[in-house]
Structures are given as C-alpha cells and as structure tokens.
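Please read it with the sequence and the structure side by side.

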Amino acid sequence: MMNGNRREATGLALVAPSFLFLLVFFIIPAVLLFVCSFWLAQAFRLIPTFTFDNYSRALSAGGFYLLTLNALKNGLWTAVISVLLSFPAAYFIVYRTRGNLLFYLILVSWFASYLVRIYAWRTILGSNGLINTTLMQLGLIDQPLEVLLFSPFATILTLVHIMVPFALLLLVSALRDVRKEYIEAARDLGAGGFEVLTRVILPMSYKGVVGAFMFTFVISAGDFVTPQLLGGRDGMTTGILIANQFRTAGNWPFGAAMAFILLATFLMTYFMFVRLLDVLRLAPGRRFHD
Amino acid sequence: MLRIYVWLFVAFLYAPIAIITLFSFHASPSLTFPFEGFSLRWYSQIFANPTFVDSLRNSLIVGASTAVITTILGSLTALGLARLKGRVQTMFGLLAFGPVALPGLFLGIALVMLFAQISLQRSLVTVTIAHVLFTLPFFIEAVRSRIEYFDLSLEEAARDLGATPLQTFRLVTLPIIGPTIGGAAILSFALSFDEFIITVFVSGNDTTLPLMIWSMMRRAVSPDINAASVLSLAMSIGLILIGGLLVWYQRRLALSARAKDTEA
C-alpha cells in the first residue's frame, strides 16, 4: 500500500512540469479567448466588458452562415472521402500483408510538408498546370478548365490528400484490434462480406472510425490556409474570416466569438455523426435480434 | 483487386510530391511537359537568397529547441503516466491530447491573445512555445505505448539493490526506453520544422521556412519556390526515415539479444 502511494506521488511529480506548461499555454489561453469573446474592441484596443454583441453580430449576418456552411462542407466532404478511401487500404494492410513496409510508406507521406502539398496541387491544377496543358495538348479541351483551381473542388482534393495518411493511421490501429479469427468465425457462421463488414468489423473498430472521421473533419473544417490559397472567391470560410480578425482587420473579440460558434458547430456535428452510426446500427454495445 | 487499389492510393499520395520534385530540376521555368532537361539553377538561386538561408536557420533553431523541450517534458510525462492509475491518468491523458484535437487556428489565436495580455514580444521564443504545445501530444502518444509495456518492477529492483533514483534512470530506464524517445524526438523536430498554421499567428519579424514558402506562394510564381519546397520536403521526410530506421535497428538489436539469451 505504501509502495502504491509512493509510486503515485512520483507519477504526479513527473507529470507536473507538463501540466504546468499545458495550464499556462493551453488552458489559460483558451479561457482567455472565451472571456475575450464577450469584450469589445475599439480602435484596435480591447475593452474588457461583458456583452453578447459579438455573438449577435456574427449570428445576424447572412454571410456568416454561408461561410460557416462552406467550412462545414469542406470538413464533411474531406472526412467522408478520406475515411472511404483509406478504409480499404487499412483493411489490406491489416489483413493481407505481413510486413509493415506499405504502412510506413503511406505514413511517411504524412510528413510531406503541408504547405508544399498545397503548392504542389496549385501547380498541378492551375490553368498553366499539368492537367490543363496535358488535356489541351491531347486536344480534349480548347480552353484551360478554370474550375480545377480556385474552387471548393481544389480545396477538398488537397485536404483529402493532406488528411488521408492520418485517417489511415487511426483506422489501421483500430482494425488491429479486430482479430482475424472473429472475421473467420463470422464467415463460418454464414455471414456474407457485407454482413461481416457491418456487423463485425465496423462495430468493433467503432472508436477508430469515429476518431478518423472527427479528426479529419475538425482539422479540415477549421483549416484556413487551403481554402484561402485554393478555394477562390466562393470558397471563403469562417476560418479565413477568423484568421483575418487576428492578422489584419483586427477585431479580436469578434474573431474569438466566431471561433467559439464554429467550435459549437463541430460539437453538434460530432453528436449527429455518433447518432447516425447508432441509427445505422454500426455502433457497438447493443445486441441486435432481428 | 484490392492490391491494385492500394498501390493507386500510394500513387495518389506521392504523385504531387514527385511532380514538384521533378520540376525543381527543370532547366526551363515552365512547369509543364515536355521536360526540357535537368539543371540545378533554381537550387543555386534559392541558396543565394539571404531570406531563404535565414529562414532555414531559424527553422533549424526552433526545431531543435522544440525537440529538446518536448523530449524532456514528454518523457517525464510518459514515465509519470505509467505510474498513475484510473481517473487521474485518463484525465491527464485527455488534457495532454487536447492541443491536437482542436484546429491549429484555435491554438494560434488563443496563444496570440495570451502573449498580448502578458506583453510577451512575438519572436522565435513564442514560436518555440507554440511548437512545444503542438508536438507534445504526438510525443506522448508515440512514447506511451512503449512505456505501457515497461515493467516498473525493474526500476524497483534497481532501487532495492541500492541504486539512487538517478542511477536507476541512467542504467535501467533509459536503455530500455531510449530508442523510442530518440525516435519521438526526431518526430517532434519534423513536426516543428513543417508547422505553419499556428506559427503564422505567433511569429515576430523572424520567419521560418514555411512562412517564407507562404510568402513566396503569395507573390509572383518563380520556379525557385519548387527548389525551396523540395528542400523542405527532403528535410522532413529524410529525418523521419532516419528516425524510423533508428528505432527499427534498435528493436532488431534488442530482439536478437533476447533470442541469444533464450538460446544460452
């Protein structure tokens, strides 16, 4: 007993420096940002007060809904496509390969710098880019396709490219918990491929699927660099608007309020996604007799 | 079928990287085929640019400082978490993971708010603080699974035999978890080296490499940006490969040592 207590005390002491760091540079700033969302800004100076003006100003502007919708669309499309694309690859890696070479190959591409990948896609999709010039040389089109670049398509394609290795990492570690024997048992009991997937694999890798979806969603919906560089005029998002408040225009409390509204929509998306999996009977922890 | 799909998947991931790498060696400024021959002119042009050299140096300084601080904080945390149980462990685990569960935008604006309130001038110091915050969760996550298998009774045995806490750490703990920590430290460096979203808010006058690439992207397109991008890619991917090989090699050594022990 003495030993256990001492072990715990040592544990707390070891964790303390990180806790202090996270307290000062994570918890306090987050609280400060929340408090500031109720302040006002005048001529670039912050005025501590308590008002809901920033929230009502954002929520009463029609444009704000449009930009938030754009942000959520970027997030949802990226998350759906990334999970759908990486699931079969994760399945292959876990059940069909013995070595880890393929897995590492995919993982390494995650470390290809974020900005460089945005730049690469801009080069490829641009009106003088690889796709347009190739199509024109082949005589398939006369004019460069302008929709390729500066469109939601370009944003989502690039975000998928950025997020897919991470989604795969989460799915692979989730599938590693679903042992091959369970799948074989289900097959022996007469389950078809679809049933094995929906009744065994997905419910058992539930946490990984939710994690991969939500991570991809949150990071892409909150991203402001990709839509700013590739999204064009119609691709403007709340993220860009928030970033601008803190970089150029300079109404910090307004930016903070919009950030918390965006965060609230992320939370709602999470609950809706979990509910959807529940309704589709892909969630674990229930017995299905039918 | 599935095999073909997976290789197409890998091709999708690497094609854009391969294309800009190829064109960074292009003799002409054009970014399209036909390819008109190889040249290193964009590389010599970028290295002649003092802003590039400065930002590369800044990125190396920030990356190294981040890796050192994150490694110290993260290793202590992982060792501490192995000793904690139940709710305390879960709570702290969640807290430590928090910074990556939010978009970088939130961390960036929250930090810039804090720095303004405490009147901390934005500089490479504030950038390093932000990078430690961003890399710490990855470090802890990477090291944790290894430490969960770490047998605390080995440390206790050393203590019972009269070793001081420091000796125990140096002679027992470190040799076991060392390679994993080394790998995770390299991971932190690579993540810091590429970080842009938070950096854009907390940086002062000194730019890092991603900030420089960003400003090149916003100005006129000049092919030397290809060279800058490829150098940045080579740096981070190269580091990750070295870190991965290191961990893999150490693990092999440990496994073959264990095999020898059981034979004997």
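Two residues are taken to be in contact here if their C-beta atoms, placed from the backbone, lie within 7 Å. The model is a predicted one, and the values below are computed from it.

**Helix pairs**

By this criterion, A:Leu159, A:Met163, A:Phe166, A:Ala167, A:Leu170, A:Leu171, A:Ser173 and A:Ala174 of H7(A) meet a set of residues in H10(A), namely A:Lys207, A:Gly208, A:Val209, A:Gly211, A:Ala212, A:Phe215, A:Thr216, A:Ile219 and A:Ser220. Sorted by class, this contact between H7(A) and H10(A) has 11 nonpolar, 5 polar and 1 charged residues. Two packed helices are described by the angle between their axes and the distance between the axes. For H7(A) and H10(A), the latter covering residues 206–222 of chain A, the angle is about 160 degrees and the axes are 8 Å apart. Angles over 145 degrees count as roughly antiparallel, and H7(A) and H10(A) are therefore roughly antiparallel to each other. Their crossing is right-handed.

| Helix pair | Angle between axes | Axis distance |
|---|---|---|
| H7(A) and H10(A) | about 160 degrees | 8 Å apart |
| H3(B) and H8(B) | about 140 degrees | 8 Å apart |
| H4(B) and H6(B) | roughly 125 degrees | within 8 Å |

The angle of about 140 degrees between H3(B) and H8(B) makes H3(B) oblique to H8(B), and H3(B) passes H8(B) in a right-handed crossing. On the H3(B) side, the residues that meet H8(B) include B:Gly63, B:Ala67, B:Thr70 and B:Gly74, while those on the H8(B) side include B:Ile181, B:Ala185, B:Ser188 and B:Phe193. The residues of this contact divide into 8 nonpolar, 9 polar and no charged.

For H4(B) and H6(B), the axes come within 8 Å and cross at roughly 125 degrees, which makes H4(B) oblique to H6(B). The crossing of H4(B) and H6(B) is left-handed. Here B:Ala96, B:Phe97, B:Pro99 and B:Val100 of H4(B) meet residues of H6(B), among them B:Leu133, B:Phe134, B:Pro137 and B:Ile140. By class, the contact of H4(B) with H6(B) has 10 nonpolar, no polar and no charged residues.

**Chain B and its side towards chain A**

Chain B has 11 helices and 0 strands, and its C-alpha trace spans about 70 × 55 × 40 Å along its principal axes. Of the 264 residues in chain B, 43% are buried. Among the contacts in chain B with a separation of 6 or more, 78% are accounted for by residues 24 or more positions apart.

Which residues link the two chains? In chain B, 58 residues are in contact with 65 residues of chain A. H1(B) gives the most to the side of chain B that touches chain A, with 12 residues. The residues of that side divide into 46 nonpolar, 9 polar and 3 charged.

**The largest nonpolar core**

The largest nonpolar core has 144 residues, of which A:Ala90, A:Leu171, B:Ile109, B:Leu111, B:Ala130 and B:Leu133 touch the most other members. Helix H7 of chain A, residues 152–175, provides the largest share of this core, with 15 residues. If its neighbours within four places in sequence are left aside, B:Leu111 is in contact with A:Phe25 and A:Pro29 and also with B:Ala130, B:Ile198, B:Phe201 and B:Val202.

**Individual residues of chain A**

A:Phe150 is not a glycine, and yet its phi is positive, at about 55 degrees. A:Phe150 sits in the loop between helix H6 (130–137) and H7 of chain A, and counts as buried because it has 20 C-beta neighbours inside 10 Å.

A:Arg281, also not a glycine, has a positive phi of about 60 degrees and is found in the segment after helix H13 (252–279) of chain A. A:Arg281 counts as partly exposed, because 13 C-beta neighbours lie inside 10 Å.

A:Glu195 belongs to helix H9 (residues 193–204) of chain A. Is A:Glu195 buried or partly exposed? With 13 C-beta neighbours inside 10 Å, A:Glu195 counts as partly exposed. The C-alpha atoms of A:Glu195 and A:Ala79 are separated by 24 Å, and the two residues are 116 residues apart along the chain.

Notes: Residues numbered from 1 in each chain as written. Chains lettered and ligands numbered in written order. Predicted model: local features only at pLDDT ≥ 70, side-chain atom pairs only at ≥ 80, totals over all residues. Helix = DSSP H or I, 4+ residues; strand = E, 2+ residues; numbered from the N terminus. Buried ≥ 20, exposed ≤ 12 C-beta atoms within 10 Å, placed from the backbone. Nonpolar A, V, L, I, M, F, W, Y, C, P; charged D, E, K, R; others polar. Axes fitted to C-alpha atoms, helices over the stretch in contact; angles between N-to-C directions. Parallel < 35°, antiparallel > 145°, perpendicular 65-115°, else oblique. Left-handed = near helix turned anticlockwise from the far one by under 90°. Core = buried A, V, L, I, M, F, W, Y, C linked by C-beta atoms within 7 Å.
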